[in-house]
Amino acid sequence: MEGHCHLCDDTTATRASKRGQAYTANRMPAIGPSSFGAPGMKAADRPSRSTRGSSDLPAQQKPNLNRVLPEMWKLMKPRWLLLCGSFLLMVINRASGLILPASTRYLIDNVMAKHMMGQLPLIIGIVVAATILQGITSFTLTQLLSKEGQRLIAELRIRAQRHIGMLPVAFYDENRTGTLVARIMTDVEGIRNLIGTGIIDFIGGLLTAVFAFGYLIHLSVQMTLTTFAILVVFGLILQRAFRTLRPIFRARSKINSEVTGRLTESLGGVRIIKGYHAEESEAHVFAQGVQRLLDNVISSLTAQSVMSLASTVVLGVVGALVMYLGAHQVVAGRLTTGGYVTYVMFLAFMIAPIVQLVSIGTQLTEAAAGLDRTAELLAEQTEDAEPGRTQELGTIKGDVVFRDVTFAYDEDKEVLHGVSFESHPGKVTALVGSSGSGKSTIISLICAFHTSTTGQVLVDGVDLATVKLASYRSQLGVVLQETFLFDGTIRENILFSYPSATEEQFEEACRIARVDEFAERFPEGYETIVGERGVKLSGGQRQRLSIARAILADPRILILDEATSSLDSESEQMIQQGLNHLMQGRTTFVIAHRLSTIRRADQILVIEAGNILERGTHESLYALGGRYHDLYTRQHGLEANLFLAPGEGDRVEETETTKV
């Protein structure tokens, strides 16, 4: 079994190499990230399912510019040619937009007042040409930057999803699935304003204001400096307002992700909700979250309304001041009528972009908040980023050794205490014990979902804490009691572990796992859609798909978490033969809840309170008369009383049970 696969003629090394490309490290959490990694918290210690105080990445009150600016530069750098070209187009666009107001001075003073009609065709021609040029550059800018903004959103979503997929299981334990979905899909939406219409409006508005300011100085220094002083004061007010808005938008993203997370949980657990008639309770909790979101939006709208009020007042004050000063200058002969009209139009071109900064600045602030949260997410350290993970594993034999391993999810709560054991290829190690004893934690360490606090977990003599996880996990096979299936076809779910498998390999895996018995009866056969989490299949059918997936993976280390618990006795007996075939030559670990299923295990470890209390075979442990004997006897007695009426047989006699 060490060098040859039972499903094909490929060597195990070749299979591992192929799976290493398709079955990347980030797929393991997708099977069920917290199945082996749950810290075993008491109910009181678990995060509340309320939308308040949801477990989430640390949130700050305003975007961290030290984190946002480098991330912005990282996004801009590959696009510097596009941005430079767009900036040039923007200068042309804004300059051509000022031709129309500039021409009014000559139209009024020369054509209308002095009847110089010969200049009229020239003025009209220049205005028409400038307008066409402005239209062409506007279209080009929108096409270039708006589309690039959408590409940027897609790029960030892909980066964020790939990065999240490579984070350790502990990260998934601490963050809701719905929250992470919101981080990937929602937080990046506003970033299109950094490279898109938002940046066009922002920089373009500033350019227009600068051009207009220069021309206004040329027309009247006194009126321009007076107006500019008022606008500076308004700018200071805007700066303070944006400082108030930043934490509001930051909080909005967080609240939105929490509400989305709770909604995702509710939709996923609809059967539990309906089973306990908790629809009203869920609606109430969701309404509370939506109300928090509404309160946040109203707060931002209030701030924006105050800013709009201030901008309107400033516009009125500046207009009245220009009318007063302009009238005096025209009467005094220092400014012509045409010059005054041109001044008013240019003043509008200067003030309008500044007033628009209220809405544009809000968009950019929201974009900065979203980028900050995305950068915060991307800053999370991936599993393979740990400095010590440098060793690339080839094809492993499967010798697993725990050497005085201790582990704690929290520093002051140790879960495992000095656990030591060995497991070798071709051998089956069963873990038994009461709930919360540490069985799942041991399996989590074998899967390298967590790293031991002290001691070592060795595979073929190599410490798992030093191994690049993709090279190791591509040689793992996992069959969970709670089967996870994707909303795809039967074929897609089985091929998940080995996408490049041949049709013969696929069919053999289905035959061994008895998938063919029910799949071929469906009208679409193996192309039947199983639904979200396999809801269209029975529990036993889902379990068979999970076993077929593990068979096709041809793993060197196999982990079975009560793999046949969802099957009837006849199906269990048939599939047990397939599992026995699968276990040959592999290192197998079994978490056993029904002790009758592990009587033929090579070694049984009885785990209690994070310690190995007993170890041995079924016969030796039963004869010992200790904890295993007690567990087995009690379970056998309970199984014997399954069909008694309520109240009958509550007391199970502690007699010797004949070993089978």
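## Strand pairing around β1

Two strands count as paired if DSSP finds at least two bridges between them; helices (H or I, at least four residues) and strands (E, at least two) are DSSP runs, numbered from the N terminus. This is a predicted model, in which local features need pLDDT of at least 70 and side-chain atom pairs count only at pLDDT 80 or more, while totals for chains, interfaces and linings use all residues. Residues are numbered from 1 along each chain as its sequence is written, and side-chain values use heavy atoms, leaving out hydrogens and water.

With that settled, let's look at β1. Seven bridges link β1 to strand β2 (residues 413-423) in the antiparallel sense, with V400 opposite S423 in β2.

## How enclosed is β1?

Strand β1 (residues 400-410) is largely enclosed by the rest of the structure, because eight of its eleven residues are buried. Here buried means under 20% relative accessible area, exposed over 50%, and partly exposed in between (1.4 Å probe, protein chains only).

## The chain as a whole

The protein chain holds 22 helices and ten strands. Of its 660 residues, 47% are buried. Taking contacts (heavy atoms within 4.5 Å) between residues at least 6 apart in sequence, 80% join residues at least 24 apart.

## A residue in helix α6

V128 sits in helix α6 (residues 120-165). V128 counts as partly exposed because its relative accessibility is 43%.
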